[in-house]
Amino acid sequence: AAVDDLNGRLTEFYEHKSRSRFGYFFERPDIERRAPTHLSELLRRLRGVHLTPAGALGNKVLLRGCRPMVWLNGIRMPDAEVDEVAHPDEVAGIEVYVSMTGMPARFVDLVGKCGAVVIWTR
């Protein structure tokens, strides 16, 4: 069963997870099980994802060869990298859409059609 946080922030995450046939979803137990140093490391095994080292900041993430839009708690974070936005300990859930196909309408970014990484903190 989906456990929601006190302010209901994860409601949207679980709605997307229940409806999506195209997104990849990571919940808190997935993050704890993999224990990544940087959040981007969770994405390494997904089809279409390529990581390149960015020094102490972690990794730069490319989805199908281009830079995805990063969202934090429903807020668009232009020009941000996944590892700049949140530390694994702070994250309750992550949604990854490697293309615009199946992406929730509010996350479709018409400037860059490169998919999205949506991060929800605890």
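1. In which strand does Thr-121 lie? Thr-121 lies in strand S7 of what is a predicted model. With a relative accessibility of 13%, Thr-121 counts as buried, because buried means under 20%. Leaving out residues up to four places away in sequence, Thr-121 touches Arg-9, Leu-10, Leu-72, Asn-73, Glu-90, Val-91 and Ala-92.

2. Strand pairing around S6 deserves attention next. S6 and S7 pair in the antiparallel sense, over six bridges; within this pairing, Tyr-97 has Ala-116 in S7 as its bridge partner. Strand S1 (residues 24–27) is also antiparallel to S6, and four bridges join the two. Here Tyr-24 stands opposite Val-96 in S6. Seven of the seven residues of S6 are buried, so this strand is largely enclosed by the rest of the structure.

3. The largest nonpolar core has 22 residues, of which Leu-39, Leu-43, Val-49, Ile-94, Val-96 and Ile-119 touch the most other members. At least two residues of this core come from each of strand S2 (49–53), strand S3 (59–63), strand S4 (69–72), helix H3 (82–85), strand S6 (91–97) and strand S7 (116–121). S6 gives the most, namely three residues. In soluble globular proteins, nonpolar side chains tend to be buried together.

4. Apart from neighbours within four places in sequence, Leu-43 is in contact with Phe-26, Val-49, Val-61, Val-96 and Val-117. There is also a second, separate core of 13 residues, which includes Met-69, Tyr-97, Ala-116 and Trp-120.

5. How many disulfides does a search of the whole structure find? The search finds one, and this disulfide joins Cys-66 to Cys-114, with an S to S distance of 2.1 Å. The torsion about the S-S bond is about -120 degrees, so the disulfide is left-handed. Because Cys-66 lies in the loop between S3 and S4 and Cys-114 in the loop between S6 and S7, the pair ties together parts that are 48 residues apart in sequence. Cys-66 is partly exposed, at a relative accessible area of 23%, whereas Cys-114 is buried, at 13%.

6. The salt bridges come to a count of five. One of them brings together the side chains of Glu-12 and Arg-106 (2.7 Å, N to O). Glu-12 belongs to helix H1 (residues 11–19) and Arg-106 to the loop between S6 and S7, so this pair ties together parts that are 94 residues apart in sequence. Arg-106 is partly exposed, with a relative accessible area of 41%.

7. Another salt bridge is formed by the side chains of Glu-27 and Lys-17 (2.2 Å, N to O). This pair links strand S1, which holds Glu-27, with helix H1, which holds Lys-17, across 10 residues. Glu-27 is buried, at 18% relative accessible area, while Lys-17 is partly exposed, at 33%.

8. Arg-67 and Glu-81 likewise form a salt bridge, their closest N and O atoms being 3.2 Å apart. The two residues are 14 residues apart, with Arg-67 in the loop between S3 and S4 and Glu-81 in the loop between strand S5 (75–77) and H3. Arg-67 is partly exposed, at 38%; Glu-81, at 8% relative accessibility, counts as buried.

9. At 45% relative accessibility, Thr-101 counts as partly exposed. Thr-101 and Phe-22 are 79 residues apart in sequence, yet their C-alpha atoms are 7.0 Å apart in space.

Key. Residues numbered from 1 in each chain as written. Predicted model: local features only at pLDDT ≥ 70, side-chain atom pairs only at ≥ 80, totals over all residues. Heavy atoms only, no water. Core = buried A, V, L, I, M, F, W, Y, C linked by side-chain atoms within 4.5 Å. Buried < 20%, exposed > 50% of the residue type's maximum accessible area, 1.4 Å probe, protein only. Contact = heavy atoms within 4.5 Å. Pairing = 2+ DSSP bridges. Disulfide = S-S within 2.5 Å. Salt bridge = Lys/Arg side-chain N within 4 Å of Asp/Glu carboxyl O.
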